[in-house]
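Here are my notes on the model, in numbered points. Have the viewer open while you go through them.

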Amino acid sequence: MNDSTQDTRRAGRKRRPELTGGCGQSPAMGAPSVTGGSGRGVTAEQLATGTSGEAVTILAPGRVDVTMSRVTIEPGGSTEWHYHPGPVIGVVSSGTLTRTLSEGTVEVSGPGSTILEPAGRAHLHRARNLGTDPVELYVTYFVPEGSPLSVDVPVADAGGREEE
């Protein structure tokens with residue numbers, strides 16, 4: 001157990017699911033690399049790297065399921081309108097991801113872009129691949145224990161937006 005883990009456990013703070021921060025892009029996005037720790041027989045594969053546009057804070061009360069996923073969206077593919085019960089952090093490793101937010105804002109993210117999605121229905125969105133190459137991103141979900149990673153919402157409840 002490292003010192004920061006010990007400090008967190010000793011403090012015994014209650015936390016609520018929350019994510020603050022912004023989107024950003026790392027200037028260089030290289031191929032995954034393998035690095036070693038300071039011990040023997042330890043390797044770590046770097047899957048994706050991005051830099052947020054501002055500070056990132058994640059707070060969560062009680063038990064939280066942490067899930068890491070590689071998400072691929074084929075050319076022409078899209079998600080349904082949805083939201084997440086807990087905060088989400090993602091890094092686009094290849095392709096160009098186009099996200100439409102519920103108020104109509106469109107965000108385009110290329111390789112090295114960091115995506116920060118706050119929890120809750122107020123942060124409804126949809127992701128699409130309008131390019132010719134697959135979009136691949138690595139996503140970490142922090143959701144309340146036992147919750148789904150995302151909740152789909154009918155188009156009518158998303159402001160009636162179909163394709164934009």
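1. Start with the strand pairing around S8 and S13. Val-91 stands opposite Tyr-138 in S13. Strands S8 and S13 run antiparallel and are joined by 6 bridges; for two strands to count as paired, DSSP has to find at least two bridges between them. Helices (H or I, at least four residues) and strands (E, at least two) are DSSP runs, numbered from the N terminus.

2. A word on what you're looking at. This is a predicted model, where local features need pLDDT of at least 70 and side-chain atom pairs count only at pLDDT 80 or more, while totals for chains, interfaces and linings use all residues. Residues are numbered from 1 along each chain as its sequence is written, and side-chain values use heavy atoms, with hydrogens and water left out.

3. S8 has another partner too: S8 and S11 pair in the antiparallel sense over 4 bridges. In that pairing Val-88 stands opposite Glu-117 in S11. Of the 7 residues in S8, 5 are buried, so the strand is mostly covered. Buried here means under 20% relative accessible area, exposed means over 50%, and partly exposed is in between (1.4 Å probe, protein chains only).

4. Now the nonpolar side. The largest nonpolar core has 11 residues, among them Val-88, Val-92, Ile-115 and Tyr-141. The term covers buried Ala, Val, Leu, Ile, Met, Phe, Trp, Tyr and Cys residues joined through side-chain atoms within 4.5 Å. Strands S8 (88-94) and S13 are the elements that give two or more residues to this core, and S13 supplies the largest share, with 5 residues. As background, nonpolar side chains in soluble globular proteins tend to be buried together.

5. Glu-117 deserves a careful look. Glu-117 is found in strand S11 and counts as buried, at 8% relative accessibility. The Glu-117 side chain makes a polar contact with the side chain of His-84 at 3.0 Å, and a polar contact of 3.1 Å joins the side chains of Glu-117 and His-125. A polar contact is a pair of N or O atoms within 3.5 Å; within protein, one must be able to donate a hydrogen and the other to accept it, and residues adjacent in sequence count only if both atoms are side-chain atoms. Glu-117 and Tyr-141 are 24 residues apart in sequence, with a C-alpha to C-alpha distance of 9.6 Å.

6. Which residue does Glu-117 meet in a salt bridge? The partner is Arg-99, at 2.7 Å, N to O. Arg-99 lies in strand S9 (residues 97-101) and Glu-117 in strand S11, so this pair ties together parts that are 18 residues apart in sequence. Salt bridges that share partners join Arg-99, Glu-107 and Glu-117 into one network. A salt bridge is a side-chain nitrogen of Lys or Arg within 4 Å of a carboxyl oxygen of Asp or Glu.

7. The Arg-99 to Glu-107 pair is one to check by eye: the closest N and O atoms of this salt bridge are 2.3 Å apart. Arg-99 counts as buried at 4% relative accessibility, whereas Glu-107 is partly exposed at 24%.

8. The structure holds 4 salt bridges, and one of them is between Glu-145 and Arg-63, with the closest N and O atoms 3.2 Å apart. Glu-145 lies in the loop between strand S13 (135-144) and strand S14 (151-152), and Arg-63 in the loop between strand S5 (57-59) and strand S6 (64-73), so the pair ties together parts that are 82 residues apart in sequence. Glu-145 is partly exposed, at 45% relative accessible area, and Arg-63 is exposed, at 63%.

9. Back in S11, Thr-114 sits in the strand (residues 113-117) and is buried, with a relative accessible area of 5%. A polar atom of the Thr-114 side chain lies 3.1 Å from the backbone nitrogen of Thr-51.

10. Finally, the overall numbers. The protein has 1 helix and 14 strands, and 29% of its 164 residues count as buried. Residues 24 or more positions apart account for 80% of the contacts with a separation of 6 or more, where contact means heavy atoms within 4.5 Å. The accessible surface comes to about 9,600 Å², and 50% of it belongs to carbon and sulfur atoms; areas come from the Shrake-Rupley method with a 1.4 Å probe, and for residues only the protein chains shown count as cover.
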